[in-house]
Amino acid sequence: MNIRSQGGESEADQMIRERNPTEQRTVVVIGNGMVGHRFCERLIERDTEGQYRIVTFCEEPRAAYDRVGLSKYFTHRDAQQLMIADPEWYARCGIELHIGDKAVSIDRLQRTVKSAQGRTIPYDVLVLATGSSPFVPPTPGIDQAGVFVYRTIEDLDRMLDYGSRSKRAAVIGGGLLGLEAAKAVLDMGLETHVIEFAPRLMPRQLDERGSQILVNKIEQLGAKVHLNTATKQVLGDGAVSGLLFNNDTQLDVEMVVVSAGIRPRDELAKACELDVGPRGGVMVNDALQCSDAHIYAIGEVALHRGMIYGLVAPGYEMADILATNLTGGSRTFTGADLSTKLKLMGVDVASFGEYEADISVAKSLTFEDPIAGVYKRLLVTSDGRHLLGGMLVGDANDFTKLLSLTRSGKPLPGPAHELILGVKSEDAAGDLADDCQVCSCNNVTKADICTAVAGGAATLGALKTCTRAGTGCGGCIPLVTDLLNAELAKSGKTIDRSLCEHFPYSRPELFQIVKVKEYRSFAAVLAGHGRGHGCEICKPAVASILASLWNEPILEGDRDTLQDTNDRFLANIQRGGLYSVVPRVPGGEITPDKLITLGVVAKKFGLYTKITGGQRVDLFGAPVHELPAIWEDLVAAGFESGHAYGKALRTVKSCVGTTWCRYGVGDSVGFAIRIENRYKGLRSPHKLKSAVSGCTRECAEAQSKDFGLIATEKGYNLYVCGNGGTKPRHADLLAGDLDEDTCIRYIDRFLMYYVTTADRLMRTSVWLEKMEGGIQYLRSVIIDDRLGIADELEAMMQRVVDTYHCEWAEVVKDPERRRFFQQFVNTDATEPTIEIVHERGQPRPADWASDTIAVTELTLPNGKPYVAPKADDRTWVRVGKVEDFPVEGGSAIRYGYAQLAVFRFSSRNEWYATSNMCPHKQEFVLSRGLIGDAQGEPKVACPLHKKTFSLRTGDCLSGEPYSIDTFPVRIDGDDVMLFLPPPGKLATMTAIEQRNCQDSCSSNTECRELVGLVL
């Protein structure tokens, strides 16, 4: 039955109109994969008049996810990280999403779709986006346990479960998906075999030499490739035991993954008698319309001009075209370029254009480097003036430029051989043609990017917002960045915005990467977009991004040793390596009982007390090992962490307002408490301060804060981006006479827009000064929703609010976490690390004796020069167990009177030990510093003033003329061993200097006894 539109209103049209009198047309989308989701997304964007109601059926137990990145699941085992959009997105967009409900029939006469769960949905437009299913050849024995396909997350879960009980696996198929599956199996730790029927891998993309280079690369990784090999039978008795090939050879394996191609999911189309191809696929015209004018097909189920496209980019183009046409546009699909650039088992592979052109009309240029594993083959016209196509293996850096030359049909800019052998242009991005497609996922050209930059997009994040470049697979981000820098350079604004040597991105760029990719750990971010092992710059920056996005406990997992010492120990480090404790006092309002508690705690632990400028009480002088006990008392009294240690919301200062003041017109205390309790714990690029004044007398100084409110007769005036400090700035008025709820909504948007787009350690004042358009532009984003992201910003903030937890409350009830606050991991004993004097009735550290101390000037108290212990005096000494030391961090150990720092550099599989004292200010704090590398050199950064030292040599990498001692480390089973002299002879900065031998030292007698041992 072929029902086509014949003009006029049909009986079915009349029925649809009668049951939908509002004239909103219903679009039913069968299939919620990547292409189905993209269609929904595009239709929502283009349907500005709300003429369509969208209903989509999703057969799988979750909404659309990144099937292209499926292999990443083996790394993180978290399906959520692959999600393209969560169900809440569909709800916000008004899309009816039926998860786990398969469409089972189509009634073309009644124009309805029936689902497995009994739903019957009428449609005006039906879109088939059912995709494809893996082709499983009818090989004998292939239905046994241990045979898998590589298609869905559930497939991967079954593979992981079965693979845990297997040793050897074979992948049948050496194409794109087969090699993806092989990489996954190899990562599972199984002996891996790739079985390919053809004489070469990727036979549709590579020639024989290209295939051989790829085979060599894959086998270097540990997999075995079998070419010209056809599987005759899957052996086993109910469970796989091996493969039998056509040459009667046999391979013993316990698991088989079949990746032998795909077949379009056209069973619904066949059942309702739509036209399908002889080998499957729903036949469509250039408008993507099926044999029924009310039904369309897109993606891998669509058969267009005899071609099924098994790549996501053509499916995205189909989705975009159909959404455009349904909303009044007029576009046609005339076919898609099958050019691809992939990373298969860690090897770059690309093909483009007519890479199999007839040699009678084309000439071939080839380059092969078997040492580096690089192969390039380009096909040009016989006169050498035009590029037809080519293939690249091992090095695909020139893919975009070569593809652009192929698509444009323009003459080559120089001799053909320069495409392979020529020196790369210094302005490779500038050499691209304006119509060069930079982002294939979203069809963004160079001209689109240049126009956006000219229009004010000065960051990668801004470019993503206005062009969508880089928001798909992310592979084009480096080129997009190059174009951005090139265009900024033309206007004299070029700056290097790399976060550090480990990340070639600014903080806003990295924020978007972490958000889009949904990374949950520093290791994942570094592996995906960085290099090296991190440092004191990027680790806290990424930790802040992770906290802003996901708000997971900062001391759990691998996040504790990403934090600077303040966040790692949840307190502000002060002189002598001691800490200050600042409980939260929301709005500055505190009960007498809580005030008494602060006094009792301060007396109990001998702390210096001071009222802060933010209306709180600061308790100074807490040793790291006493912090949990101090906070146990404070938490029991109802206090929460004040986050004075973090780049986070500090305080919301208030005047008394209408609570007591005769001039007050607003409840400034109550509103300040509400604001502080809402945003407490929010991590941001820099610290945040706020205030609420009850009238225009402005006693709370709201106009000098990052965001502040002043009560008026009609509500509140909201000011933003002010600050005090070395460069005071008066805040700008964002909006006036707002009610409290509107204030909260605007502050939500403002803070999250700042968190999302500001650079590392950039205050809101500087952020606004650097913003193109200034306060007017910010107002258009926050109030007018110029970018269309207001709902998203509010949702991001609500997530932070909903997931708040007091960090200290978590620590005090966790014995394992409290253990890492010990002063020394190898003893419960403690030792004072600084001389304390009393002044004005309170304790404080003695003044620093000098700015620095140089190792070359080291002498004993009797005036004799110090002589280092001889190597033959040293022995291996056990200082603790591996589990005593934090991953990617350090801890202190006590050895006699010496303090040493031991670092567990897990990402390098290395251990280091040094003296614990930083020679800059002679403080015992190095074990609490962040570790990383600088140009490959392992280093530690002192937490006090960020002086950096080589963990290998002890040299100061900051250029100062001092160094630290280093000691060999080895791991003996679970024991950590250091190569040390006897305790009495360890007297460099790890002993004599560490005792701070001065005539006024309170430990002078004990120290002189130690010196006597050395002498």
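**Descriptions and their grounds**

Reply: Ala934 lies in strand β45 (residues 930-934). Helices (H or I, at least four residues) and strands (E, at least two) are DSSP runs, numbered from the N terminus.

Me: What does Ala934 touch, not counting residues up to four places away in sequence?

Reply: On that count, Ala934 touches Glu501 and Lys939, where contact means heavy atoms within 4.5 Å. Ala934 and Glu501 are 433 residues apart in sequence, yet their C-alpha atoms are 7.8 Å apart in space.

Me: How confident is the predictor, by mean pLDDT of the chain?

Reply: pLDDT is the predictor's confidence in each residue, from 0 to 100. The chain has a mean of 87, and 89% of its residues reach 70 or more. Over residues 1-13, pLDDT stays under 50, and the model has 24 contacts beyond four places in sequence for them. Residues 850-861 also stay under 50, with 33 contacts beyond four places in sequence. Where pLDDT is low, the predicted coordinates should not be read in detail.

Me: Why is α19 called roughly antiparallel to α20?

Reply: The axes of helix α19 (residues 592-605) and helix α20 (residues 627-636) come within 10 Å and cross at roughly 160°. That angle makes α19 roughly antiparallel to α20, since angles under 35 degrees count as roughly parallel, over 145 as roughly antiparallel, 65 to 115 as roughly perpendicular and the rest as oblique. Axes are lines fitted to C-alpha atoms, for helices over the stretch in contact, and angles run from 0 to 180 degrees between N-to-C directions.

Me: Which residues of α19 and α20 make the contact?

Reply: Thr597, Leu598, Val601, Lys604 and Phe605 of α19 meet Ala629, Ile630, Asp633 and Leu634 of α20. These residues divide into six nonpolar, one polar and two charged. Ala, Val, Leu, Ile, Met, Phe, Trp, Tyr, Cys and Pro count as nonpolar, Asp, Glu, Lys and Arg as charged, and the others, Gly among them, as polar.

Me: At what angle do the axes of α22 and α24 cross, and which residues meet?

Reply: Helix α22 (residues 740-757) and helix α24 (residues 774-782) have axes that come within 10 Å and cross at roughly 120°. Tyr746, Arg749, Phe750 and Tyr753 in α22 meet Tyr777, Leu778, Val781 and Ile782 in α24. The contact of α22 with α24 comprises seven nonpolar, no polar and one charged.

Me: What makes β21 and β23 edge strands?

Reply: The open sheet of five strands has the order β21-β22-β25-β24-β23, with antiparallel pairing. β21 (340-344) and β23 (362-369) each have a single partner strand, so one side of each is left without a neighbour in the sheet. The twist averages 10° from one strand to the next.

Me: How many residues lie between the strands in the hairpin of β49 and β50?

Reply: That hairpin has two residues between the strands, and Gly973 takes a positive phi near 70°. Four bridges join strand β49 (residues 969-972) to strand β50 (residues 975-980), which run antiparallel.

Technical notes: Residues are numbered from 1 along each chain as its sequence is written. This is a predicted model: local features need pLDDT of at least 70, side-chain atom pairs count only at pLDDT 80 or more; totals for chains, interfaces and linings use all residues. Side-chain values use heavy atoms; hydrogens and water are left out. Two strands pair if DSSP finds at least two bridges between them.
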